[in-house]
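Colleague: I have a chain open here and want to go through it with you. Can we start with a single side chain and work outwards?

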Amino acid sequence: MPSYAVIGASRGIGLEYVRQLASRSDMVVFAVVRNPEGSTHLNAVAASFKNIHIILEDVVDYNSLESLANDMRCDTGSSEASFRDHRRKLDYLIHNAASTNVSTVYKGFDDYANMDELDAEFISAAYKINSLGPIHAITAFLPLLRASDTKKIVVIGSGAADPKSTQVRRLVAYSMTKAAALIAATKFAVKLQDEGFVVVTICPGMVDCSATAGADTEGCRKCEVVAASLKEMSSSMKSQTGIEVTPQTPEASVAAQLKVIDGLEASHNGLFLQHTGGEYRPRN
Ligand SMILES: NC(=O)c1ccc[n+]([C@@H]2O[C@H](COP(=O)([O-])OP(=O)(O)OC[C@H]3O[C@@H](n4cnc5c(N)ncnc54)[C@H](OP(=O)(O)O)[C@@H]3O)[C@@H](O)[C@H]2O)c1
C-alpha cells in the first residue's frame, strides 16, 4: 500500500493531488496543512475517503515538522492497522506549498512602498515558505523516506523560476524564491543519488485554482480575485512575452503530473520536468 505525503494540501493543486491519490485503490495519503479546521475544501474531500490523514504543519516551522516525522515513526497514534504500518515509512513526498497570496504574489520591484517593505515580504513570506519550505519538509521526512524502497521526492516548481519564462515585470519575489527552490531540489538530488533517491521538480503549467481559493470575510470574493488575477497575468504574459497560455483545471494538471510521477526512474533524478513529461521548456 503506497504512502504519499502532500505538503500544502488545503486547496488548489495540493488538494487535487490528495483527491486523485485517495481515489486510487490501496493508497495512504497524508495531507499536511497549516490550518486543518480552516481547510474546508480538504475536509469535504476527506469526508468521502478513509485513506486521507490530515496533519497540522507549517513548512516554515522546521522543529515542528521534524517532531511530526519522529512521531510518525514512533507509531503511537492511530488504531488503524493500515495507518500504523505506513507511519514507519513514507514512499512519496510531494512538496506543493507556496506563498501565493494574491495581494503580494504579483508585485514587481516598483510595487513595494519602500525597501523595508520589499525586504520583509521577500524574506518573511516568499523566501521562508517557497525556498526554505521544501528544504525543511525534505529534511524532516528524510528518515521516513529512507525507510522505504521507493524513495521519490517531488517539488512542485514553476515556469516563473526559469529565466526565459519569467520575462514579465511582476512576480519578482515569487520567481526568485521558486528559482531558489529549484536549486534546492537539484542539491538534494545530488546529495541523495547514491542512496537510490529520485528527486525532481515538476512544473504544473498554468492552473486555475480559483474554485478552491476559499472565502474571506466578504464571502467568495477571494475566488473572484484569484480568477481575475490569473486572467490579468495571462494577458500581461501575452503582451510582454508573446507567450499565450490557457489555464488548465487542477484535475487535468494533476492527472498529467501523476503520470509523470508514476513513471519516475533513476535517470530523472535532478531534472526540472513539465507536467506533460519531459524536461521543462519555456512556452509549454
Ligand atoms: N496555479 C498555477 O498556475 C501554478 C503555476 C506554476 C506553479 N504553481 C505551483 O503549484 C503549487 C500550488 O499552487 P496553487 O496554485 O495550487 O496554490 P494555492 O491554491 O494558493 O495553494 C497553495 C497551498 O500552499 C499552502 N501553504 C502556503 N503556505 C504554507 C505554509 N507555510 N505551510 C503549509 N502550507 C502552506 C496553502 O495553504 P493555506 O490554505 O493554509 O494557505 C495552500 O494549500 C505551488 O508550489 C505553486 O508555486 C502553480
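Modeller: Start at A113: its backbone nitrogen lies 3.4 Å from a polar atom of the side chain of E117. Keep in mind that this is a predicted model.

Colleague: Where is the place of E117?

Modeller: E117 sits in helix α6, which covers residues 115–146.

Colleague: Is E117 buried, exposed or partly exposed?

Modeller: Partly exposed, as the relative accessible area of E117 is 28%. The cut-offs are under 20% for buried and over 50% for exposed.

Colleague: Leaving aside neighbours within four places in sequence, what is E117 in contact with?

Modeller: With K107, D111 and Y112.

Colleague: And how are E117 and A98 separated?

Modeller: They are 19 residues apart along the chain, and 20 Å lies between their C-alpha atoms.

Colleague: New topic, the sheet. In what order do the strands come?

Modeller: The order is β3-β2-β1-β4-β5-β6-β7, seven strands in an open sheet with parallel pairing. β3 (52–56) and β7 (272–274) are the edge strands; each has a single partner strand, so one side of each is left without a neighbour in the sheet. On average, neighbouring strands are turned by 25° against each other, direction ignored.

Colleague: How many bridges join β2 to β3?

Modeller: Five, with β2 spanning residues 28–33 and the two strands running parallel. F30 has H53 in β3 as its bridge partner.

Colleague: Which strands does helix α1 lie across?

Modeller: Helix α1, residues 12–23, lies across β1 (3–7), β2, β3, β4 (92–95) and β5 (152–156). Its direction is at about 165° to β1.

Colleague: And α9?

Modeller: Helix α9 (residues 250–262) lies across β1, β4, β5, β6 (198–203) and β7, and runs at about 160° to β6.

Colleague: On to the ligand. Which residues come nearest?

Modeller: There are 25 residues around the ligand, and S10, R11, T100, Y174 and V207 come nearest. Helices α1 and α7 (172–192) each supply at least two residues of that shell.

Colleague: What polar atoms lie by the ligand's oxygen atoms?

Modeller: For T100, an N or O atom in the side chain is 2.4 Å from an oxygen atom of the ligand. A polar backbone atom of I13 is 2.8 Å from a ligand oxygen. In K178, a polar side-chain atom lies 2.8 Å from an oxygen atom of the ligand.

Colleague: How much of the ligand does the protein bury?

Modeller: The protein buries 90% of the 900 Å² that the ligand exposes when taken alone.

How values were computed
Residues are numbered from 1 along each chain as its sequence is written. This is a predicted model: local features need pLDDT of at least 70, side-chain atom pairs count only at pLDDT 80 or more; totals for chains, interfaces and linings use all residues. Side-chain values use heavy atoms; hydrogens and water are left out. Two strands pair if DSSP finds at least two bridges between them. Helices (H or I, at least four residues) and strands (E, at least two) are DSSP runs, numbered from the N terminus. Axes are lines fitted to C-alpha atoms, for helices over the stretch in contact, and angles run from 0 to 180 degrees between N-to-C directions. Contact means heavy atoms within 4.5 Å. Buried means under 20% relative accessible area, exposed over 50%, partly exposed in between (1.4 Å probe, protein chains only). A polar contact is a pair of N or O atoms within 3.5 Å; within protein, one must be able to donate a hydrogen and the other to accept it, and residues adjacent in sequence count only if both atoms are side-chain atoms. A residue is near a molecule or strand if one of its heavy atoms lies within 4 Å of it. Accessible areas come from the Shrake-Rupley method with a 1.4 Å probe; for residues, only the protein chains shown count as cover.
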